[in-house]
Amino acid sequence: MELFEQILQYILSGLSTGAIYALIGLGFAIIYNSTSIINFAQGEFVMLGGMLTLFFHITLGLSLPLAIILAVVVTTAVGALFERLAISPLKDAEPIILIIITIGGSILIRGVAMLLWGKDTHALPMFSGNEPIILMGAAMMPQNLWIFGITLIIITANRLFFHHSISGKAMRACSFNRTASRLVGIDVKRMILFSFVISSAMGAAAGIIIAPLTMTSYDVGIMLGLKGFCAAIIGGMSSGMGTVAGGLIVGVLESLGAGLISSGYKDAIAFIILLLILFIRPQGLFIKGEAERV
Amino acid sequence: MLKIESITKIFGGLTALQGVSFSIAAGEITGIIGPNGAGKTTLFNIVTGIYDPTSGKVYYGGTDITGFPPEKLARLGMVRTFQGIELFGQMTVLENVMVGLHTKSRSGIIASALKLPAHLREERHIRERAISWLEFAGIAELAHMKAANLPFGKGRLLEIARAMAVEPQIILLDEPAAGLNSRETADLATLIMKIKDSGITVAVVEHDMELVMEICSRIVVINLGHKLAEGTPREIQEDEKVITAYLGEG
Amino acid sequence: MKFLEGSMKQELMKFFVFAVAVFTAPVFFKGGYIVNVLVFVGIYTILAVALNLLLGLAGQISLGQAAFFGLGAYISGVLTATYAVNPWVAMVIAAIAVGIVAFILGFPILKLKGHYLAMATLGMGIIVYIFFNETVDLTGGPSGLPGIPNLAISGIIFDSDIKNYYLVWSFAIVTILLSVNLSASRIGRALRAIHDSEVAARILGVNVRLLKVQIFTISGIFSALAGSLYAHTVQFISPASFGFNVSIELLTMVIIGGLGSIYGSFLGAAILTLLPELFRTFQDYDIVVYGIVLIVMTMFMPGGLVRGIPLLARSLLAKVKSGLPSERRV
């Protein structure tokens, strides 16, 4: 039964990283749905979450919970600043311009992080100890439970917000029809800012909960961002369950592939999935619809 | 020349067109009118290969062209203009028309990169033809202006000149008078008549009734995705169904 | 038509002046260290021009150009270092192989637009980079591939900075000429049409899909040639030179120079290659600088330096002129 246990192990750890990809993917989807922009800097918010927590906790000696809260706050501020300074002035520009701006933003954030904290990788301490929990022969770190728990909370809060609160519904309205939203009095500019705020906060949270398991450094944003994007694409850029499913799928497939086939190509697996989805079904696996030719 | 047979188009839950059929005769100007949202532009998009119909067929000179992509239709002599003018904004007025001559030229990548003599000869020819089309549309003096800087009315004329450069057999104009003042509309009417007189079939989607009644020899009325009526301008003006559709009951 | 000859003459003059400047430059620099740097400027010029054809002309964003650069370098490198193939033959094989890969990949990739295209090319670039790192037996993995021979023609071995300068810049000059020609031709117009309005281009009969793939292929082939040249001049290659960062650098070069301006790409390549050399101590700041440059240039000088500087000069001049006489505008 060893293979079974191994596969279970891979699936469990895959679900864990998948949850992170789901959170990052939701961040992409939320911004995309209110602005039609893909925020290339999303991965950097994830990186900032982990790195800032490290800074506050280890360098400044603050307690872990406080460090986490501060990290999320600062990252959210960075996200809001980014929107105000670089996105808002250019929202009517060609898509290429916006893509380049967000790429520029992501490089800038990454560069500043490197200057402040160097290129080393660091480990954040686990939230509740290093003793693995054995489940049906597969080992799970308590951190994984934290990941599942927090992800679940965030996703539920997300759903409640977007479907049951006025602001949330207003944001969804913006994503469906910006002009109509303006006409009924929704402040679209504020909604856009808000979407950046939510996405950067979620990204930071994702970065914080995964950091104890996978080490963090100034350039983790690129890979995590891309994989989160992959999750969002699979989910059809939906701010809901589709993206969550997408994240879990990517996480599990990546984990299985790395374990069963080859660990060196682990990162390549997610990107191959990304390419395949973009080539074959760019509208995602869960959305029905016809693609226009033009 | 163009036969539209039972075209139906359903977008998700919305039926944009339902069983629309009519013909466009060669060498004539046919108008397609109807209240907003009637499905006229959707019809154009289907005929010109931008959408596929849910069902139905389009025949062009006897050939079934349903589902043919736009670039193929251009080579078969069908060209169109857009409601919102799709100019090549960053290129000059002259260059815009030169792109219209793409199908009339053949220099490939290698010949262009190496500037072979045949390519140079062809470039000269393209430029000459393009200038004559600008003269045809009456905007030759604007040749070196950036297209994005054109006033709206001139932009419309450019789009038509560019389409004419394809040397089409049929040209479909999507609301060419939208946004034009009365003088510009009169110039437009003259230009369209000039096009028809050179033997080209014209189909026009329009809201400007005066223009339609003046230049079209035949009119098709579409309302809520159905063909409401078809006939000469006179017949349409007197058709009760049409009057009701535009003005409401009573 | 006099005008046609006139503007063509202008272009030829520009090119001639540029070519003369390139070929006489080493004399002015008395063959110092800067000649070595200029070799790299040449290689990156080829790469930047290749990207500009795709991005500036056709409007197709690619964040994976480093993949073609790397493939060209590794195919040349492996064939010559491990299998002792003639370097020129290897270069041709690399160009053809990469051309085929680009052509085949081009069809599915270029169906995508905007952000999706950017992500797909990014993913493609990273997959190739991982491949270079993992196929240790073939490529030497992260430690790199040493022992790549120099190129040679009839007894002249290109083993010094000055010889490599002329080798690389011969290729660069030809690339620039071909690209300038292409840009001002029927094909160039069709590409710019695709950039401005794909649907209008199609309606006029342009085979958009095929043309996009063709320009993607050409861009790939030029990049592969640059890769081969890189391999033979540096004689050692490792995956680090072909990662995501390089694709971003190339993007920055094209943006600085100006989308669509071929000579601008040279300017961008020159600036981004020379400046780090001049400010050696600020090596670590380069990422930050790229980020700032991208944002600032895109926001304030979208036409790049080539168009931006003349515009800036003109507007400054106008401000000076309006400030001189003591007229006040209410």
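Biologist: How many residues of chain C are in contact with chain A?

Modeller: In this predicted model, where local features need pLDDT of at least 70, side-chain atom pairs count only at pLDDT 80 or more, and totals for chains, interfaces and linings use all residues, 33 residues of chain C are in contact with 35 residues of chain A (contact means C-beta atoms, placed from the backbone, within 7 Å). Residues are numbered from 1 along each chain as its sequence is written, with chains lettered from A and ligands numbered from 1 in the order in which they are written.

Biologist: Which element gives the largest share of that side of chain C?

Modeller: That is α5(C), with 13 residues, where helices are DSSP runs of H or I with at least four residues, and strands runs of E with at least two, numbered from the N terminus.

Biologist: And how do the residues on that side divide?

Modeller: There are 25 nonpolar, six polar and two charged residues on the side of chain C that touches chain A, counting Ala, Val, Leu, Ile, Met, Phe, Trp, Tyr, Cys and Pro as nonpolar, Asp, Glu, Lys and Arg as charged, and the others, Gly among them, as polar.

Biologist: Switching to chain A, at what angle do α9 and α10 pack?

Modeller: Helix α9(A), residues 220-234, and helix α10(A), residues 241-260, pack at about 125 degrees with their axes 7 Å apart (axes are lines fitted to C-alpha atoms over the stretch in contact, and angles run from 0 to 180 degrees between N-to-C directions).

Biologist: Which residues of α9(A) meet α10(A) there?

Modeller: K227(A), C230(A), A231(A), A232(A) and I234(A) do, meeting residues of α10(A) that include G246(A) and V250(A).

Key: Two residues are in contact if their C-beta atoms, placed from the backbone, lie within 7 Å.
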